[in-house]
Amino acid sequence: MKILISACLLGTACRYDGRRKAHPLAAALAKRHQLVPVCPEQLGGLPTPRTPSERRGGSVVTAEGADVTEQYRRGAEEALRLCRLFDCEAAVLKERSPSCGAGEIYDGTFSGTLTAGWGVMAELLAQNGIAVYGESRIGELLENLDADK
């Protein structure tokens with residue numbers, strides 16, 4: 001199966017703070033399936049490192065108050081284009097991110113408070129029929145994909 005994945009989960013130093021956030025099961029996923037790594041923030045033209053951002057309603061704002069919604073939307077659209085180009089059936093994304101969060105994101109106050117919601121890219125992928133999984137579900141995804149063989 002072809003799976004879109006947040007590049008940071010594979011150990012790419014593309015997070016907002018310039019650090020890596022490799023997930024231990026991502027390597028196992030890579031051995032069994034074709035992965036297409038993306039960083040929607042970079043695809044949208046944002047630098048690494050960059051000022052932390054959170055969703056606030058339909059917008060994405062930085063901790064300094066700048067509106068970066070357009071960059072997040074552009075990155076999400078480019079990621080969807082890559083997903084379609086490579087025929088990805090699913091996406092494994094970094095949880096709680098304003099781009100990649102699936103079902104739970106930071107609330108836009110920069111206080112560390114979580115709320116129900118979706119990141120810009122995760123929401124766009126789901127709206128276009130791509131199954132979206134947070135990184136905490138990689139183990140479950142591996143089991144389900146192996147059971148389907």
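This is a predicted model: local features need pLDDT of at least 70, side-chain atom pairs count only at pLDDT 80 or more; totals for chains, interfaces and linings use all residues.
Let's start at a serine: the side chain of Ser97 reaches the backbone nitrogen of Ser99 at 3.0 Å.

| Side chain | Backbone nitrogen reached | Distance |
|---|---|---|
| Ser97 | Ser99 | 3.0 Å |
| Ser97 | Cys100 | 3.0 Å |

Where does Ser97 sit along the chain? Its place is in the loop between strand E5 (90–93) and strand E6 (102–106). Ser97 counts as buried because its relative accessibility is 11%, which is under the 20% cut-off. Leaving aside residues up to four places away in sequence, Ser97 touches Glu41, Ile105 and Gly119.

Now for the wider picture. The chain has five helices and eight strands, and along the sequence they follow the pattern β-α-β-α-β-β-α-β-β-β-α-β-α. With a radius of gyration of 14 Å, close to the 15 Å that the globule rule gives for 149 residues, the chain is therefore as compact as a globular protein of that length. Its C-alpha trace spans about 50 × 25 × 25 Å along the principal axes.

Of the 149 residues, 46% count as buried. Looking at contacts between residues at least 6 apart in sequence, 63% join residues at least 24 apart.

Technical notes
Residues are numbered from 1 along each chain as its sequence is written. Side-chain values use heavy atoms; hydrogens and water are left out. Helices (H or I, at least four residues) and strands (E, at least two) are DSSP runs, numbered from the N terminus. The radius of gyration is taken over C-alpha atoms; the globule rule is 2.2 Å times the number of residues to the power 0.38. Buried means under 20% relative accessible area, exposed over 50%, partly exposed in between (1.4 Å probe, protein chains only). Contact means heavy atoms within 4.5 Å. A polar contact is a pair of N or O atoms within 3.5 Å; within protein, one must be able to donate a hydrogen and the other to accept it, and residues adjacent in sequence count only if both atoms are side-chain atoms.
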